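Here is a briefing on one protein model with a ligand. Look over the sequence and the coordinates, then work through the points by topic.

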Amino acid sequence: MQQPHRAIAQAGINVALIKYWGKRDAELNLPAVSSLSLTLDAPGTRTEVIFDSALSHHQFQLNGVEADAGRVQPILDAVRQHAGSHGIPLPHARVNSENTVPTAAGLASSASGFAALVAAAWAAAGLDPEDPHKAELTRIGSGSAPRSLLGGFVVLDKVEGQIRQIATPEAWPLRMVLCLTEKGPKKISSRVGMESSARTSPYFASWVSSHEADMQAAEAAINARDLDTLGEMMEHSTLKMHACMMAGRPPLIYWRSATLAAMEQVHQLREQGVSAWYTMDAGPHVKVLCAAEDAEHIASTLKAVPGVSEVLVAAPGPGAQVETC
Ligand code: PMV
């Protein structure tokens, strides 16, 4: 086997400003719509991958505790297959992962988890870091995970499922205030929820057909560093996605009373002249985009909202980074 065979990679979570909801091809995990996200500096995942010929099967440790290796196996096997086709035979791997995403918070940690896993396995295998198959393979883990491979503002294109950075993390000093409400994993996974919306929501077709215009408006707002327009598009996208979910059968209602209370607080902040804008994913938490100088004030205001359990402030961050080889 070629060297190196061990690598560590770090990746931050990403939050979609223009959402992805629905699959065009479930097998390839290709999205029905493009999406536009912001990768954050924290929280995130740090993962070590060691391909070791002494192992008879894959092993996986998460936050120091032995975990189900079935969660990393599809990715590791796909990397081994890809490496094999490049003449690099790889044995089984040992994976050690540390997650700084608050435990059991229901805040999507899968994106940083899969991005760190692929980046580390890719580097350990000695594969070309620019190979587009890397994003394709990350998508096996979760549809939003490839966006965490790149830093700052990232577009994931629905056509080929490829990713492109549209602004670096340093280009615009924004903040994302992560406002955690109810703890615990979500009841309906994104995968199941997307399938249900596509099959039963009368709004799904218009969600898809009206989506491209939102992508273009948001990208233009980022290029113009226009927070108010970006924020407006961001809220429009999340509300449209949730309307589509709610109109399905059975209805998907991920919000809790604290979600609505935090949204109301964001409206009040805006009435006071603060440029703050919310987005919610397939869960009850509220993520608020704002200028760096407003972040502390917004965070302390949201902390006082009944039902809000924790508030974190994150900055735009880099893409998955390989630390050692
Ligand atoms: O990556 P998944 O399969 O967990 O889907 C993520 C879907 C949303 O978080 C609701 C939206 C998005 O674009 O991240």
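Thr138 counts as buried, at 0% relative accessibility (buried means under 20% relative accessible area, exposed over 50%, partly exposed in between, with a 1.4 Å probe and protein chains only). This is a predicted model: local features need pLDDT of at least 70, side-chain atom pairs count only at pLDDT 80 or more, and totals for chains, interfaces and linings use all residues. Residues are numbered from 1 along each chain as its sequence is written, and side-chain values use heavy atoms, with hydrogens and water left out.

**Helix α3**

- Thr138 sits in helix α3, residues 133-141 (helices are DSSP runs of H or I with at least four residues, strands are runs of E with at least two, and both are numbered from the N terminus).
- A polar side-chain atom of Thr138 lies 2.6 Å from the backbone oxygen of Lys134. This is a polar contact: a pair of N or O atoms within 3.5 Å, where within protein one must be able to donate a hydrogen and the other to accept it, and residues adjacent in sequence count only if both atoms are side-chain atoms.
- Not counting residues up to four places away in sequence, Thr138 touches Ile75, Phe114, Ala115, Val118, Ala145, Pro146 and Leu149 (contact means heavy atoms within 4.5 Å).
- Lys134, Ala135, Leu137, Thr138, Arg139 and Gly141 are the buried residues of α3.
- The cover over these buried residues includes β3 (30-31), α1 (73-85), α2 (110-125), β9 (163-167) and α4 (190-200).

**Ligand**

- The ligand is surrounded by 13 residues, of which Tyr20, Ser142, Ser144, Arg147 and Asp281 are the closest (a residue is near a molecule or strand if one of its heavy atoms lies within 4 Å of it).
- By class, this shell holds 6 nonpolar, 4 polar and 3 charged residues (Ala, Val, Leu, Ile, Met, Phe, Trp, Tyr, Cys and Pro count as nonpolar; Asp, Glu, Lys and Arg as charged; the others, Gly among them, as polar).
- An N or O atom in the side chain of Arg147 is 2.8 Å from an oxygen atom of the ligand.
- A polar side-chain atom of Asp281 lies 3.2 Å from a ligand oxygen atom.
- From Gly143, a backbone N or O atom lies 3.4 Å from an oxygen atom of the ligand.
- The protein buries 89% of the 380 Å² that the ligand exposes when taken alone (accessible areas come from the Shrake-Rupley method with a 1.4 Å probe; for residues, only the protein chains shown count as cover).

**Cysteines**

- How many disulfides does a search of the whole structure find? The search finds 0 (a disulfide is a pair of cysteine sulfur atoms within 2.5 Å).
- The sulfur of Cys179 has its closest cysteine sulfur in Cys290, 12 Å away, so the pair is too far for a bond.
- Cys179 is buried, at 0% relative accessibility.
- Cys290 is also buried, with a relative accessible area of 0%.

**Ser34**

- Ser34 is placed in the loop between β3 and β4 (35-51).
- Its relative accessible area is 5%, so Ser34 is buried.
- The Ser34 side chain reaches the backbone nitrogen of Lys158 at 3.0 Å.
- Leaving aside neighbours within four places in sequence, Ser34 is in contact with Lys19, Leu156, Asp157, Lys158, His211, Glu212 and Met215.

**Around α7 and α8**

- Pro251 lies in the loop between α7 (227-246) and α8.
- Pro251 is partly exposed, at 48% relative accessibility.
- Not counting residues up to four places away in sequence, Pro251 touches Met245 and Met246.
- Pro251 and Ser196 are 55 residues apart along the chain, with their C-alpha atoms separated by 9.0 Å.
- Gln268 lies in helix α8, residues 257-271, and is partly exposed at 33%.
- Gln268 and Ile253 are 15 residues apart in sequence and 24 Å apart in space, C-alpha to C-alpha.

**Backbone geometry**

- The peptide bond from Ala42 to Pro43 is cis, with omega near -5 degrees; Pro43 is in strand β4.
- The bond from Arg249 to Pro250 is cis, with omega near 0 degrees; Pro250 is in the loop between α7 and α8.
- Asn63, not a glycine, has a positive phi near 50 degrees. Asn63 lies in the loop between β5 (59-62) and β6 (65-67).
- Arg225 has a positive phi of about 50 degrees, although it is not a glycine. Arg225 is in the loop between α6 (211-223) and α7.
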